[in-house]
Amino acid sequence: MALLIRNLFISFILLMMAATALVFWNLETRPETINYTDFLAILNKGEVKEVRLRGGEVCFTDISGRELATFSPDIGVLLPKLMDRQVVVSARPDRSSLVWNSVSLAIPILLILGAWIFMARRQQGGKEESDFAKDKVIKYSASEKQVTFKDVAGIPEAKEELVEIIEFLKNPERFSRIGATIPKGVLLQGPPGTGKTLLARAIAGEAGVPFFSFSGSDFVEMFVGVGASRVRDLFKEAKKNAPCIVFIDEIDAVGAHRGAAGAMGGQDERGQTLNALLVEIDGFSSADTIVVLAATNRPDILDPALLRSGRFDRQINILPPDVKGRLKILEVYAQRVKVMKDIDLFSVARSTPGFTGADLANLMNEAALLAARQGKEVIELPDFEAAKDRILMGVERKGLVITEKDRRTMAYHEAGHAIVAQFLPESDPLHKITIIPRGRAMGHTQQLPLKDRHAYSKVYLRNRITIFLGGRAAEEIVLTQQTTGAQDDLFRATEIAMKMICKWGMSETMGPLAYAKDDSGFLGEQTTLMAHSEETARRIDKEIKILVESCYREAVAIITRERDFLVNLAEILLQTETLDSEELRIIFDCTQKKQSSSEQQSSKDGEAGDVHECSTCPAAAHCTHMQEAVTS
């Protein structure tokens, strides 16, 4: 119906354009009109050569070749005069020239449009939609390079769940003999970049069957009914190629909850497409060896009818890999590039908590680009470190001009984070500290966990807040100032405190109650406060403030106690700009030995104590302890 209305509208527009063009053409080509008296004068002079009569209109050509027109009151009186002067006369039927020309022009246009509409409607359920499905099918052959489970690492649980699907596609009789039926649909859900699409292609490669790959947006069109017809054509083509796999990526584009459409008072195109998809999945028989795979990172908005048993029977969560999974993923990607022999990929995997498979692929590629830029033949460990900084914090801002005062503030700020982290129990080890601006960050203190954490203790979370506030505490104690550099630290500290009070029940005053919840989905965590009274809101605000202020006082106490250590670390950082974990450990050991040496020297009442040698200390010429050692 929509196609017919569209074709009729196009026909009407073309007809109006043709009529308008004909009117202008007639106006341009119409001969000059004179009055009847002048025509008789020209006729009496014998200058009329030919006359064409049409109704009351007289078109004539004079002896000079001019074409003129007039209107005769009585053709019967005019004809004898023309015959007497032997003028050639021709006559035509009395028709309106505009109407006749318009009709004569519209007839071939309508015939052409009619033939076009007939062919379009004839191909609507055939070639057009068949091409839509046929263009998406991938048929593997033995000579082609296929994606298999060897190319997928870091998600062993998901691979184990899908082995059964592969066995069914390879040998369906094995299951049908005992009356078992394979799940019709498998929903892969997880954050972006975790390998959902790659896993689907690996299933098709392992099974060696045709693989239909679509996106949810491929079925959504502005014309009503097109999406549903594409769904029907897809499954019609899939049944011809059975056994096969139908993969719909980002199925939330077409499978979203239908409640919104009903609220608007009608069923939109997406709703009709979803209805067709539900019907087609239900239409599978036990003999149809077709498996529908779908991927989404928004399972919270999918229609419940799509997730019920008998449609998408299995829902597999694919989450970011742990440290062992990251190591296996890096080993897979390391086979495609030139990596230094005996490189410690485990340290790279441990330093990338939360990275997905796509992030690790990007890390490997960035490291290869950095190595090639420096003229190296292989990728080395520092290239991975530089690539990780580039991904996490952005490109190094080498052209940024920073005053010496701002550099000193940044150095003390980052040193404050590092010292608080060093002297707090149950905190992650320090990995690196830098004051080189990258992206939007002016400096960065990085901690790396010894292992992936899936549950956090109250002590660990309090320590995280204290570490975030260590930078502000160092600025106030040593530089007696407050700057905007602590903006992100304050936000993250307040966020952790809010979650401790409102989500995790870690407040003795508020008790083991939850006042907030996380919105489901995998596109980032979003915390929403649940309904509660104003009195409860005031108590929550008070508890958050008490918790953050308590952590800040603890950070101030640590910075005050280790002020000499802070000054020493900040001065070294001003010279080197970046310190790694090994250099930080040397500085910490050097400072502790200095303090013990000073205590021994003061206890001997002037006796010369042993002076610790700082030859291994980074930036030894700038270390205050080394200067004292050299002086003595």
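I take contact to mean heavy atoms within 4.5 Å. With that rule I looked up Ile559 and, leaving aside its neighbours within four places in sequence, I found Ile559 in contact with Gly416, Ile419, Val420, Gly470, Ala473, Ala474, Ile477 and Leu566.

Before going on, I note that this is a predicted model, in which local features need pLDDT of at least 70 and side-chain atom pairs count only at pLDDT 80 or more, while totals for chains, interfaces and linings use all residues. Residues are numbered from 1 along each chain as its sequence is written, and side-chain values use heavy atoms, with hydrogens and water left out.

**Cores**

I next looked up the nonpolar cores, each a set of buried Ala, Val, Leu, Ile, Met, Phe, Trp, Tyr and Cys residues joined through side-chain atoms within 4.5 Å; buried is under 20% relative accessible area, exposed is over 50%, and partly exposed is in between, with a 1.4 Å probe and protein chains only. The largest nonpolar core has 52 residues, of which Ile465, Ile559, Leu566, Leu569 and Leu579 touch the most other members. I then listed the elements that give two or more residues to this core, and they are α17 (404-423), β12 (430-434), α18 (458-479), α19 (487-502), α20 (534-561), α21 (563-576) and α22 (581-603); helices (H or I, at least four residues) and strands (E, at least two) are DSSP runs, numbered from the N terminus. Helix α18 gives the largest share, 10 residues. Apart from this core lies another, of 28 residues, and I noted Ile155, Ile165, Phe175 and Ala204 among them.

**Aromatic pairs**

For rings of Phe, Tyr and Trp (its six-membered ring), I count a pair if the centres lie within 6.5 Å, and planes under 30 degrees apart are stacked, over 60 edge-to-face and the rest tilted. By this rule I have seven aromatic pairs. Phe211 and Phe247 are a stacked pair, because their ring centres are 6.0 Å apart and their planes are at 20 degrees. Since Phe211 lies in strand β8 (residues 211-215) and Phe247 in strand β9 (residues 244-249), this pair ties together parts that are 36 residues apart in sequence.

**Backbone entries**

I looked at the peptide bond from Ala242 to Pro243 and found it cis, with omega near 0 degrees; Pro243 is placed in the loop between α9 (226-240) and β9. In the loop between β9 and α10 (259-263) I came to Glu250, a residue other than glycine with a positive phi, near 50 degrees. Glu250 counts as partly exposed, at 30% relative accessibility. Asp342, in the loop between α13 (323-334) and α14 (345-350), also has a positive phi, near 60 degrees, in a residue other than glycine. Asp342 is exposed, with a relative accessible area of 72%.

**Helix α1**

My last entry concerns Ile13, which is found in helix α1 (residues 2-29) and counts as partly exposed at 35% relative accessibility.
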